[in-house]
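Here are my notes on the model, point by point. Please read them with the structure open.

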Amino acid sequence: MSRFSVDGEPLGFTEGQTVAAALVAAGRVAWRTTRVGRRPRGVFCGIGVCFDCLVTIDGAVGQRACLIPARAGMTVTTQEDDDG
Amino acid sequence: MGETADLVVVGAGPAGLAAAVTALAGGLSVALVDSGTAVGGQYWRHPPDHARPAIPTADLHHGLREYRALRRALSTARARGRLDLRLAHHVWSVTRDDDGFTVHSVDRRRAPEETAVALRAPRLLVATGAYDRQLPFPGWDLPGVLTVGGLQALLKGGGVAAGRRVALGGTGPFLLPVAAGLASRGVEVVAVCEAAGPSAWLRQPGPLLRNPAKWAEGARYGLTLARHGVRLHPRTAIVAAGGTDRVSSVRIASLAPDGSPRPGTERRVEVDAVGVGWGFTPQLDLLVPLGCHLTDSGDGSAVVAVDTGQRTTVPGLYAAGEVCGVGGARLSLAEGRLAAGSVLADHGAAPVPGRRRLAAARATVAGQRAFARAMARAHPIPPGWAKWLTDDTVLCRCEEVTAGAVRAARADCGASDHRQVKQLTRAGMGWCQGRICGPAVHCLVAPHRPYAPTERLIATPVTLGVLADLDDAGENTEGAAHE
Amino acid sequence: MTLHRGVSALKVVVVGAGAVGAACAFHAASAGLDVTVVDRGPVGAGTTSRGEGNVLLSDKEPGPELDLARLSRALWDEAGDELGAASFELEPKGGLVVASTGEGLAALGEFAARQARAGVRVERVDDVRKLEPHIAPGVPGGVHYPQDAQVQPVLAAAALLRAAVERGARTRTAEVAAAVAGRNGEVTGVRTAAGETLPADAVVNAAGTWGGELGRRLGAPVEVLPRRGFVLVTEPLPPMVRHKVYSADYVAGVASSDAGLETSCVVEGTRGGTILIGASRERVGFDTTMNPAVVTRLAAQACRLFPFLRNTHLIRTYRGFRPYCPDHLPVVGPDPRAPGVVHACGHEGAGIGLAPATGALVTAHLLGRPWRGADPAAHTALLPDRFLTPKGAAQ
């Protein structure tokens, strides 16, 4: 199984899964905190429409985890909206 | 800027695939663009080609023979240099000039890197599909609550089930394949809450009787569900979800004839994931700014108006599939073929697929549209749905705008459409630009008109750096010179 | 102007429920006039909803528009006190105009000195990064305008209209088709497209970009033309841009009459966390077509001013049509050709900022005496008379 890192912790995934699918497969359904209500969010629409699943990937903020294929060695940082 | 191809097709779902393959067969060169990493759209969503052995999903699909035939045709055309296949390309704008269309996209194959790619052609076919329509309820923003399409996408695209104990709710035939898919992968589907009554289909016998294939499909799902002990609960709805950091329960209520929850019928069911969907919203973002006329689909959504050859009201612009009205893969395939037939005819190319096959496609479209209308009548948005909203229920997930705020905008400022609500409350102003909350907000303030999305001149977010580089490279100054 | 009828309430129909129309209704109703606001759409649905909500002194040369803007700035504060500044997100954030070259800085300094003599508060800034930490390095300097402010324009129009209604005004959804004239040619009402007549002693043309067309229907044509502008909206971010920041060439763009595409970079944050990027100017009639070249040009200029924006997503673009008169001054005041018609349009990109003073000035014209600091005698350069030949026809 390949691995990428989520907030510094390694996470295994099957090649071909999106970042969101890998997170969900590992039992995580929430990884973002909303700006106003500080509420947890994760994958909702799963097809790139809702933007609930935003993460930072290799330093690039605002990436939809449900669209981006996981790659070995990728650095995923979960996003507090106030962190930018 | 030179021509990329004779035809650009945006969207590689059933409609776009059928259109591209038909146009290629007629001798045209085609650029086929899709944001996904594999062709197939949502209906035939697959992991990327290289990952298919590791993530088997064939058992979740229908009509794979057709899918494989279309893929073979694409491969052949690609090998001959006639197909420019652009996967993981996201289109942010389409513009029209005297000679045709420019499709402005970003290549995200190496995401998060993005590279600007502009495609040009004298003709454009938009087959961008649809996404799940949502009716908010208290707790729908808890993690673990997904759209039914989202559950399906994780399953078909990644082989992942989002929970072990799942409740599904909403309305429409799409709930069944998702329930069957989850059940066949060992998920305990504790309830399927269908807002329509058990006899809803029977009130529309004509189109149903004329579509035996749909009966067969329904029966197959029924068998799968029965085998796994999954129960369909007609005239019920998931009216609330509970939990702290993740959904842990739902409340299910029986619905009165107007669709409002019957007091005293609520029961609590423990779950670890939920899927909800109330039909689909067509993805019209590329079509609206081009000035296409829209029309009422009869299912609560505006769709793009097309003639019997799938031509929109904008010359050179064609549309096929769910953007013309939601009706399933068979309808989309037939519309794609018809649209490509028109492209060929308008291009002056030889008539492929030939008059008889075009007539057959037309007959399929007519039959499937009748079926879709019957389905829409059988599975309407329940008029009383808003009764399950509390004032603090979040409607706009992005900007966290509540139902109370939207109701106040309506009461205090007379807001009568979702655009006005957006200006007054920020509902629909966030990341998703009202794609998720727009239909629901519309239902609250203008329930008797079909939902037409606000114009979105930017169809997908794109970094300012990529746009800035386009300007610096001078590639995009053509338009400026016209001004 | 002798519209004032003593103690009995003058009947006023305000056509247009944008920021300017709402401000006219608010002031006229506050003055005790009998006000009906007529619009074919909802409040603030036209150009009001298409801008950034600018309340600016910084971009105005000394002259009639600046005089109106200074009064308006004070009246926005009053409106904030009266209606609740938070209800329309009134934010006195201040403007920062930056030069890109030493020469530009000298010209900007000279411009600011003239503004200061006209009563504008200006502060020379040598190190602009003290005010805007994320601005590009190497900016030679700028001028800070502490009076510049921002409002959420639709909320502002809605708040003003709501307050007008609380003061007795009525609102109607209808399209005005024509004026109804009395025996001496004076206006006695308006007829709607549905054939209904609304009696009026005065009709206020606050139709914004459509003010030219409405003027024709009222028998008082004025030349109000559309000037298209795009605004870019980014993803929501934590506060990165504190002021309204723009390059000195924006002022030239505002004053220019060039028909071609002009862009001059304007960048600012909003309460919602998004960053707004303007401003483009094109004279293409009411053409609503998306122009990606404008979007990429604005993106390039914004990224040069704030390099962090390169990694920021554009999530939305919208465009609107600024209503401008050929001499770039609004037209505010009674039209001598159609007694009873009072114009309040042609504000170009400054309609939000100028709305309260326009409302007060229109009310003063209707009352025949100064109102809330607006004295018709002090704003004669805005009268429609400037477009009329001695015979009274439009030039």
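How many bridges join strand 9 of chain C to strand 10 of chain C, and in which sense do the two run? The numbered points start there.

1. Strands 9 and 10 of chain C. This is a predicted model. Five bridges join strand 9 of chain C to strand 10 of chain C, residues 187-192. The two strands run antiparallel. One position to check on screen is C:V176, which stands opposite C:T192 in strand 10 of chain C.

2. Chain C against chain B: extent. Chain C puts 45 residues into the contact, and chain B puts in 37 residues. Between them the two chains bury about 3500 Å². Carbon and sulfur atoms carry 58% of that area.

3. Chain C against chain B: polar links. The rule finds four salt bridges across the interface of chain C and chain B. In one salt bridge, C:R319 meets B:E455, with the closest N and O atoms 2.7 Å apart. There are also 12 residue pairs in polar contact across the interface of chain C and chain B, both residues at pLDDT 80 or more.

4. Chain C against chain B: who contributes. On the side of chain C that touches chain B, the elements giving two or more residues are helix 5 (153-166), strand 13 (225-234), helix 8 (292-305) and strand 17 (313-324) of chain C. Helix 8 of chain C has the largest share of this side, nine residues. By residue type, the side of chain C that touches chain B divides into 23 nonpolar, 12 polar and 10 charged.

5. Strand pairing between chains. Strand 17 of chain C also pairs with strand 23 of chain B, residues 462-463. The sense is antiparallel, over two bridges. Which residue in strand 17 of chain C is the bridge partner of B:T463? That partner is C:H313. As background, strands of a sheet pair through backbone hydrogen bonds, either parallel or antiparallel.

6. Chain B against chain A: extent. Here chain B supplies 46 residues to the contact and chain A supplies 39 residues. The buried area is about 3200 Å² between the two chains, with 63% of it on carbon and sulfur atoms. B:P112, B:E400 and B:W431 supply 19% of the area that chain B buries against chain A. That is more than any other three residues.

7. Three salt bridges are counted between chain B and chain A. The side chains of A:R41 and B:D141 meet in a salt bridge at 3.9 Å, N to O.

8. Chain B against chain A: who contributes. Strand 9 (145-147) and helix 3 (148-158) of chain B each supply at least two residues of the side of chain B that touches chain A. Helix 3 of chain B gives the most to this side, with six residues. The residues of the side of chain B that touches chain A divide into 22 nonpolar, 13 polar and 11 charged.

Definitions and conventions:
Residues numbered from 1 in each chain as written. Chains lettered and ligands numbered in written order. Predicted model: local features only at pLDDT ≥ 70, side-chain atom pairs only at ≥ 80, totals over all residues. Heavy atoms only, no water. Pairing = 2+ DSSP bridges. Helix = DSSP H or I, 4+ residues; strand = E, 2+ residues; numbered from the N terminus. Contact = heavy atoms within 4.5 Å. Buried area = accessible area lost by both parts, 1.4 Å probe. Polar contact = N/O pair within 3.5 Å; in protein donor to acceptor, adjacent residues only side chain to side chain. Nonpolar A, V, L, I, M, F, W, Y, C, P; charged D, E, K, R; others polar.
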